Amino acid sequence: MKKNVFHLKTKQLVEIAQSLKLKVETGLREEGAEVQCIPTYINPKTSGINGQATVLDLGGTNYRVAVVDFENGEPTIHPENGWKKDLSVMKTPGFTEEDLFKEQADPIGEIKRTKENPIGYCFSYPAESMLNGDAKLLRWTKGVDIKEMIGKPVGQPLVDYLNKRNEVKFTGIKVINDTVASLFAGLTESNYDAYIGLIVGTGTNMATFIKSENIKKLNPDYKEGGLIPVNLESGNFNPPHLTVVDENVDARSDAKGAQRFEKAVSGMYLGEILKAVFPCDEFEERFDAQKLTSIMNYPDIHKKKYVKVAAQIYERSAKLVAASLAGLALVLVENDPSIKRIKLVAEGSLFWSEYRKGKNYKNIVMAELQDLLDEMGLKDVHVYVSKMDNANLIGSAIAALS
Ligand code: BGC
């Protein structure tokens, strides 16, 4: 392949940013939009957090459990980075809700808990937040498909299951998306005008705070006004300027037609894109972003054509993320023109991945983002990115204790 079909010109990236902006605005007005914009009915405390929570973090591949103690706003996590286990088994056909609860319960038994506490559940799939802090599963993504769980709350049944089996009970549960957990964790650093939570790992998505008056579809029974955390579910954005290769990846993937942005950007699909470029070649079945970056980082032991195309796919992914961030910045600034300093809490192995022979992913995103903001007349808006250790665990504990 001579021409880089994955190259996106600045003009195209601006169009992608503008398209995301319009779709976010539609999502804030209407139910069931492409970019769903799901309000989270939890108002996070920003100061005076005290107490203990058990946090469960169910992501794309891994599951983590920890106990988080907040004393005067300072979190301590036990064990240090949580108790981690691979849960890719949940992608196996025939895997049930009961199987999932059992897998989730096992490591909880390993953790020492002496007093009853609430659960903060970081659940990294599209789920509609309920007024009681639980959330109903809307659909699965990232290759999971446990059908009987769709449309039902994900929190309370898990608490019931755990309370039947644990002597020290759980007192309640709050369910939040991983992007919202990052957003909440970011609040521990004040003095920014706006906040964005971003995940670029197995899957991808963004969350931010939106003023209640700008969310037309907000549940009228929710009495808290002010800034509402919104899980955008931006992985389902269908951006302009995707390629015929992306069509092929989608046609062969789970949930056809859905998660088109995610399928062009996130770790679970980048390898699939490379495979689709070379349809006659043989590749390993499981081919994730880590393998893609290892091709780029060890060019001497890989075919030249793969090394070249892998870098193009990696670069396009980062630029698409930059365009989506620029589109979200447009929404935020239009709602509040005084916004100048935006804090971005970014999580995910792909976002923080290294490219030894070129620019790291994060650097491509941040450079392109500033160029796009300049291009769109937002020269004086700056986005400050940071990596927070255990953002999901801390954010979920904040949710449980708010
Ligand atoms: C899910 C999101 C999640 C993202 C990152 C996507 O597949 O739909 O809810 O935030 O992955 O984990």
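Lys142 lies in the loop between strand β7 (135-137) and helix α3 (156-165); helices (H or I, at least four residues) and strands (E, at least two) are DSSP runs, numbered from the N terminus. The model before us is predicted: local features need pLDDT of at least 70, side-chain atom pairs count only at pLDDT 80 or more, and totals for chains, interfaces and linings use all residues. Residues are numbered from 1 along each chain as its sequence is written, and side-chain values use heavy atoms, with hydrogens and water left out.

Let us stay with Lys142. Although Lys142 is not a glycine, its phi is positive, at about 55 degrees. Is Lys142 buried or exposed? Its relative accessibility is 7%, so Lys142 counts as buried; buried means under 20% relative accessible area, exposed over 50%, and partly exposed in between (1.4 Å probe, protein chains only).

Asn390, in the loop between β13 (382-386) and α11 (391-401), is also not a glycine and has a positive phi of about 55 degrees. At 13% relative accessibility, Asn390 counts as buried.

One further backbone feature deserves mention. The peptide bond from His78 to Pro79 is cis, with omega near -20 degrees, and Pro79 belongs to strand β4 (residues 74-86).

I turn now to the charged side chains. How many salt bridges does a search of the whole structure find? The search finds 20, where a salt bridge is a side-chain nitrogen of Lys or Arg within 4 Å of a carboxyl oxygen of Asp or Glu.

One of them joins Glu34 and Lys23, at 3.0 Å from N to O. Glu34 lies in the loop between α1 (10-29) and β1 (38-39) and Lys23 in helix α1, so this pair ties together parts that are eleven residues apart in sequence. Glu34 is partly exposed at 29% relative accessibility, and Lys23 is partly exposed at 23%.

Another pairs Glu189 with Lys343, whose closest N and O atoms are 2.8 Å apart. This pair links distant parts of the chain, 154 residues apart: Glu189 is in the loop between α4 (178-186) and β9 (194-200), and Lys343 is in strand β12 (residues 341-347). Glu189 is partly exposed at 35%, whereas Lys343 is buried at 1%.

Lastly, Arg260 meets Glu247, with the closest N and O atoms 3.6 Å apart. Arg260 lies in helix α6 (residues 260-265) and Glu247 in helix α5 (residues 244-251), so the pair ties together parts that are 13 residues apart in sequence. Salt bridges that share partners join Glu247, Asp250, Arg260 and Lys263 into one network.
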